2 protein chains.
Amino acid sequence: MQTEEALMTRLSDERLAELFDGTLQLVVEHGFDRLTMDQIADATHSSKATLYRQWGSKTALVADALLRSVEAHEMAIDTGHLRSDLHLMLTQDKPDKVQDGALVGALLHAVKHDADLGQVLREKVIAVGRRRIDDVIALAVGRGEVAPDSPGIEYVAFLVISQVVLQPVVDGAPWDDADKLRFVDAVLLPMLGIG
Amino acid sequence: MQTEEALMTRLSDERLAELFDGTLQLVVEHGFDRLTMDQIADATHSSKATLYRQWGSKTALVADALLRSVEAHEMAIDTGHLRSDLHLMLTQDKPDKVQDGALVGALLHAVKHDADLGQVLREKVIAVGRRRIDDVIALAVGRGEVAPDSPGIEYVAFLVISQVVLQPVVDGAPWDDADKLRFVDAVLLPMLGIG
């Protein structure tokens, strides 16, 4: 463990961001299944031994890369109103790679052949999204905007994830900010018992 | 055109089903980008010349395979009540390959590199789903269950598609019938102004 800590320290934030970005790019290009640690090492000018010491597996490395990419775009959401909190959540910057569907497609494809990847994605990446949404809902419940037992609460995360990763593919183009506000008004608020 | 008609006639329904099934299986295994017409011809014991004469391109062949797969599972939905129509739509058999996420993942990945594929999928495959949902909503409007100008109407197709292709991956397992009924009650009906 000390070795890992030391290695992590030795990789500067900038270097780590480059390595993660390069890794996700390779997943898009080659697909997760086919991508090898050799390719990642080559493309990111890293040593394969270092990658294995640091992450242990390709799955862990890719999951970490995705997690950092998602977390890098996080910002606190608390406007004081549920409607604007939800709108902000949908409109704030997302990592390009998550948004354009290619990376998500590559990962959905890979999950079929690699149960570990699915579990890691759910526990690390999707869990971050769920936590943020839970926070926004908890604030709304605290303000009395949403009933704590509203049956729609458990579906907000799934709908927000669907909007981010699937809607652009289904419709052929991402919604603009006004479209997203209409989705909040027509779907998310009614299912939370508002409007 | 006469040649294509003649070829289509010569391929029995059973043979065509085999060919389409084999094609979708290959998309899952190899990904859409990497899959070649040679591989499809080999694996399905077809002649590449025949495949090109009949479909013109890999994109058209895969889209047709997917469309037939979706249409083969179609059945009329008209129980007389919106709630049971929506539940039936979510619970009736879907093509396994659509449901397990692997094919959808492979296609989402490919859409990034192949704009034609995206357009064909939207115009052929997604359009079939939308049409079925529009029919169910039109019946509900006709019965007076849903206001014709309900702002939720336009989002039903997107949510149903999300449930089918994305929910199993997000949650790690598909919902059972009772889960799907809860989704109808907690999300779809409230956004249509019911409940």
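Between chain A and chain B, 6 residue pairs are in polar contact, both residues of each pair being at pLDDT 80 or more. The structure is a predicted model. Chain A can be superposed on chain B with an RMSD of 0.0 Å, and the two chains bury about 3600 Å² between them.

**Contacts across the interface**

- A salt bridge joins the side chains of A:Arg130 and B:Asp171, with an N to O distance of 3.0 Å.
- On the side of chain A that touches chain B, the elements giving two or more residues are α2 (13-30), α8 (102-113), α9 (115-142), α10 (156-165), α11 (167-171) and α12 (177-191) of chain A.
- In terms of residues, 42 of chain A are in contact with 42 of chain B.

**Buried area**

- The size of an interface is often given as the accessible area lost when the parts come together.
- For chain A and chain B, this area is about 3600 Å², and carbon and sulfur atoms account for 68% of it.
- The residues of chain A that lose the most area to chain B are A:Leu108, A:Tyr155 and A:Phe158, which together make up 19% of what that side buries.

**Relation between the chains**

- Within chain A, A:Gly105 has the C-alpha nearest the axis, at 2.1 Å from it.
- Both copies use the same surface, as 100% of the contact residues of chain A recur in chain B.

**Architecture of chain A**

- Chain A contains 12 helices and 0 strands, so that its pattern along the sequence reads α-α-α-α-α-α-α-α-α-α-α-α.
- Of its 195 residues, 50% count as buried.
- Among the contacts in chain A with a separation of 6 or more, 70% come from residues 24 or more positions apart.
- The accessible surface of chain A is about 9000 Å², and 52% of this belongs to carbon and sulfur atoms.

**A position in chain B**

- B:Ala49 is located in helix α4 of chain B, which spans residues 48-55.
- B:Ala49 counts as partly exposed because its relative accessible area is 44%, a value between the cut-offs of 20% and 50%.
- B:Met37 is 12 residues from B:Ala49 along the chain, and their C-alpha atoms are 9.4 Å apart.

Technical notes:
Residues are numbered from 1 along each chain as its sequence is written. Chains are lettered from A and ligands numbered from 1 in the order in which they are written. Side-chain values use heavy atoms; hydrogens and water are left out. Helices (H or I, at least four residues) and strands (E, at least two) are DSSP runs, numbered from the N terminus. Buried means under 20% relative accessible area, exposed over 50%, partly exposed in between (1.4 Å probe, protein chains only). Contact means heavy atoms within 4.5 Å. Accessible areas come from the Shrake-Rupley method with a 1.4 Å probe; for residues, only the protein chains shown count as cover. Copies are superposed by least squares on the C-alpha atoms of residues with pLDDT of at least 70 in both. Buried area is the accessible area (1.4 Å probe) that two parts lose on being put together, summed over both. A salt bridge is a side-chain nitrogen of Lys or Arg within 4 Å of a carboxyl oxygen of Asp or Glu. A polar contact is a pair of N or O atoms within 3.5 Å; within protein, one must be able to donate a hydrogen and the other to accept it, and residues adjacent in sequence count only if both atoms are side-chain atoms.
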